[in-house]
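Here is a briefing on a two-chain model. Look over the sequence and the coordinates, then read on.

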Amino acid sequence: MEYFVQQLINGVALGSIYGLIAIGYTMVYGIIGMINFAHGDIFMVGAFVALITFLVLVAIGVTALPLALFLVLLVAMALTALYGWTVERIAYRPLRRSFRLAPLISAIGMSIILQNYVQIAQGARVKPLPPLITGGYTLFESNDFAVQLSNVQILIIWLTFTLMIAFSWMIAKTRLGRDMRACEQDARMASLVGVDTDRTISLTFVIGAALAAVAGMMYLLYYGVADFYIGFIAGVKAFTAAVLGGIGSLPGAMLGGLLIGLIETFWSAYFSVEYKDVAAFAVLIVVLIFLPTGILGRPEIEKV
Amino acid sequence: MTEQSAPAAAVPSRFPAALKSAALSALVAFGLFSLIVGARTDQGPTGALIVFPRLDDLAWLAGVVFAGSFLRTLLFGDAPLQVSRHFPSGVKRIGARLSRFAAPALLGFALIAPLLFYSNRYYLDLSILVLTYVMLGWGLNIVVGLAGLLDLGYVAFYAVGAYSYALLAQNFGLSFWIGLPLAGILAAFWGVLLGFPVLRLRGDYLAIVTLAFGEIIRLVLINWQSFTGGPNGIASIPRPSFFGLPFTDDEGGFAHTFGLEFSPIHRIVFLFYVILALALLTNWVTIRLRRLPIGRAWEALREDEIACRSLGINTTNTKLTAFAIGAMFGGFAGAFFATRQGFISPESFVFMESALILAIVVLGGMGSQLGVAVAALVMIGAFELLREFAQYRMLVFGFAMVLIMVWRPRGLIGTRVPSIFLRKEKELPSSMVAEGRR
C-alpha cells in the first residue's frame, strides 16, 4: 500500500511534466492540424536555457533560491517562446497552405537542427546540476517504508495545476483564447470575420513553447541532468500522451500525460524498468483499437 | 506585383525596409543565441558546472543573420522566396526535356558503376548504401505514396528483416538465398500485424501508432538479450555466396572457379549487383502492381476512403496488403543490410532512419519512382560529401530538409504519371494527387 502511494506520487509528478509538453502538441495540432515534431526539442532547449540561466545567476551572485527560481522560470519561458516563434516562422509558415506531409518533414528537419545546434553549442556530454530544492515531507510510515513527498514534486504538481488553471481560463475567457478556438474550428472563416490568423497561430506556438520551457525547467529540477537528446524521448512520450487523451483536446492532453506518467512509473515499479516505454506504447495502441480518436477526442465527422 | 517583376529597379527604395527587417532579425537572433551560444557550460575543476562567456561567437552569428536578412530583403523584397521563379523559362524547358532521359541514364550508370569504380572501394560502398536507401524509399513509397498511409516506423520492418536473416543464419545455418525470402515473409507478417490495429485509425493517429510500433520493436531488440544479443547486436553474420560459391581465396571459391585472380572487391561488386537487382525488383513490382486491381485500389484509397468503400472495395484487405508488401521489401533490404555489414545492432534501427526514409520519399515527390531514386542519391550522397565537417553535417542535413520543403513542398519531381488514362497518357501536376494523409 505504502509502495503504491509512493509510486502514485512519482507518477503524477512525471505525468505533469509530460502533460505540459503534450499541451504544446495538442494546441498546434488543433489549430493547424500538424504534428510539431520539433516540440520535444523545444522542451530540451527550455531545459538548457533554464540550466544556463541558473548558472549565470550563480555566477553573478544571485543566490536567494526563490528569486533565482523565479528569474530562471521567466527567462526560460521568454527565450524558449522566442524559439517556438522562430521555428514556426521559418519552417511552418511558408508551408501553411501546402500539402500535409510537407510541414511534417520540415518539422523533422527542425528537430534535427535544434538537436545538433545544442549539441554543437553546448557539447554532447550530460550536464549535471546539483539538487537545488531539497527536503520534503514524510506522509506516513509503516513496515519500514516511508512515503515521501519531496518539495520538488510539490513544486512540479503545484506549478502544473496553476498553469493549467490559468491556461484554461485564457482559452475560455480572453480574446486570444476565443481567436484560437475560432481558428481551430475554421481558420478561413475566422480570418474573414477579422481574426488575425497568422498572429494567432504564432501565439499558439509561443504559448506552447513557454509551457514546454516550464516542463524543461521542472525536468531539470527533478532529474538534475540535461543533454541534447532528452527532447526526442520526452517528445515522443508527450505526443503519445496527447494522442492517448485525444489530440486537439486540452484536458485530454493533461489526462494523457498523467496516464503515461503513471503507466511508466507503475510498470517500472512492479514489472521491469527496461520495458516501461514498451508498456506505454502498447497501452496507446490498445486504447486506440477501441477508441480510435483517443479518450477525450471527438470523432471526426466526414462530409461526403 | 510590379516590385516582384522588376527586382533590380526596386532595390534602392527597399533600403530602409531592409535595414529595419535586418535589425529585427538580428535582435531575434541575438535573443535566440544569447544563452545557448553566448554562454558555454562545462565542468569546472570541482566537477560542478560553470559557464564561460562566448560573446565573440554570439556577435558573429547575430552579424551573419543581420547581413543575410538585409541582403534577402534588399534583393527579393518581403515576398516568400520561390526559387523556380528566378529560373528563366528556357532552363526549365531544357530541364523538362532532359528529365525524360534521366531514368534510363541513371539505370545505365548504375549498371556500369562497378566497372567505373572497380578500383575505388569507397565509391562502391557508397553506391551500395545509396541503392539500399533507394530500395527502402521505393518500399515505403508503396505504403505512403500509393496507399497514402503515413508510416513513421518503417525501419521496424528493416530491423525485422535484418534480425530474421541474422538469427536464421546463425541458429539454423541458412544461406543468404534461403534467408532472404524468409526475412521478407517474416517482415510482411509483421506488416500485417501492425496493420490490424491501425485499420480504423486516420491521419496522425496512424502516424503515432506506426512510430510507437517502430520504437517497441527497437526496445524489444535492445532488451531481449538472450534472443537478440541486446545492445551488442549480432556479429559474424555469414556473407553471401555467389549462388553457392564463397568469395574466398581457395579451391572452390568464386575466383578459382572462374579462373580469376582473387580480389576482395569481387564480393563488393557482387553485393552491388544484388542490391541493384533487389531495388529494381521493388520498382518493377510496384509498377506492375499499379496496373493490377490491388494497385488501383491503393490509389483509390489514398484519394478517398469513403468513395472507395461505397464502390465495394474491401479497404481492410487493401490496407493490409499495402502494409504487407511495403514491409516485405523493407525486410529484403534488411536481410541484405545484415549480410553486407556482417554485424547488426539496434543502433541501426532508430527513429532517425524512419524519418530519413520518409524524407527521401517526400522530398523525391511521393509516388514518383524516379524522384525517390534521385532524392536518395542526393540526400545520402550529399551526407557523405559532408563527412569532413562531421560536426556540422547533421545540422546542414536538417537545414536542407527544411529548405527543400519550403521551396518545393511537392518534392523534387513535381509531376505524376496516372496509372490509367483516357486515350492519351499525359503527366499531371502533383497538386492534383491526394496528399496521403490517411
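Where is the place of Ser236(B)? Ser236(B) sits in the loop between helix H10 (225–228) and helix H11 (254–257) of chain B. Helices here are DSSP runs of H or I with at least four residues, strands are runs of E with at least two, and both are numbered from the N terminus.

This is a predicted model: local features need pLDDT of at least 70, side-chain atom pairs count only at pLDDT 80 or more, and totals for chains, interfaces and linings use all residues. Residues are numbered from 1 along each chain as its sequence is written, while chains are lettered from A and ligands numbered from 1 in the order in which they are written.

**Confidence**

- The predictor gives the complex an ipTM of 0.87 and a pTM of 0.88.
- Chain A has a mean pLDDT of 89, and 98% of its residues reach 70 or more. pLDDT is the predictor's confidence in each residue, from 0 to 100.
- Within chain A, confidence is lowest in strand E2 (residues 136–142), at a mean of 80. Confidence in chain A is highest in H8(A), at 94.
- For chain B the mean pLDDT is 83, and 87% of its residues reach 70 or more.
- Over residues 1–6 of chain B, pLDDT stays under 50. The model has four contacts beyond four places in sequence for residues 1–6 of chain B. Two residues are in contact if their C-beta atoms, placed from the backbone, lie within 7 Å.

**Chain A**

- Chain A holds eleven helices and four strands.
- A compact globule of 304 residues would have a radius of gyration near 19 Å, and chain A agrees with 19 Å. The radius is taken over C-alpha atoms, and the globule rule is 2.2 Å times the number of residues to the power 0.38.
- Along the principal axes, the C-alpha atoms of chain A fill a box of roughly 65 × 50 × 35 Å.
- Of the 304 residues in chain A, 50% are buried. Buried means 20 or more other C-beta atoms within 10 Å of the residue's own, exposed means 12 or fewer, and partly exposed lies in between, with C-beta atoms placed from the backbone.
- Among contacts in chain A with a separation of 6 or more, 74% join residues 24 or more positions apart.

**Chain B**

- Chain B has 18 helices and four strands.
- Buried residues make up 42% of its 438 residues.
- Residues 24 or more positions apart account for 75% of the chain B contacts with a separation of 6 or more.
- Chain B is divided into domain 1 (2–79) and domain 2 (102–231 + 264–432). These bounds come from an automatic or database domain assignment.
- The centres of domain 1 and domain 2 of chain B, taken over C-alpha atoms, are 39 Å apart.

**Interface**

- In all, 59 residues of chain A are in contact with 51 residues of chain B.
- H4(A) gives the largest share of the side of chain A that touches chain B, with 15 residues.
- By class, that side of chain A has 45 nonpolar, eight polar and six charged residues. Ala, Val, Leu, Ile, Met, Phe, Trp, Tyr, Cys and Pro count as nonpolar, Asp, Glu, Lys and Arg as charged, and the others, Gly among them, as polar.

**Nonpolar core**

- The largest nonpolar core has 221 residues. Such a core is a set of buried Ala, Val, Leu, Ile, Met, Phe, Trp, Tyr and Cys residues joined through C-beta atoms within 7 Å.
- Ala47(A), Val49(A), Ile275(B), Ala359(B) and Ile360(B) touch the most other members of this core.
- Helix H8 (residues 197–223) of chain A gives the most to this core, with 16 residues.
- Beyond four places in sequence, the contacts of Val49(A) include Val75(A), Leu79(A), Leu35(B) and Ile36(B).

**Selected residues**

- Val87(A) lies in helix H3 of chain A. Val87(A) is buried because 26 other C-beta atoms lie within 10 Å.
- Not counting residues up to four places away in sequence, Val87(A) touches Ala38(A) and Met110(A).
- Ala279(B) is found in helix H12 (residues 265–291) of chain B. With 27 other C-beta atoms within 10 Å, Ala279(B) is buried.
- Ser236(B) is exposed, with 10 other C-beta atoms within 10 Å. Its phi is near 45°, a positive value in a residue other than glycine.
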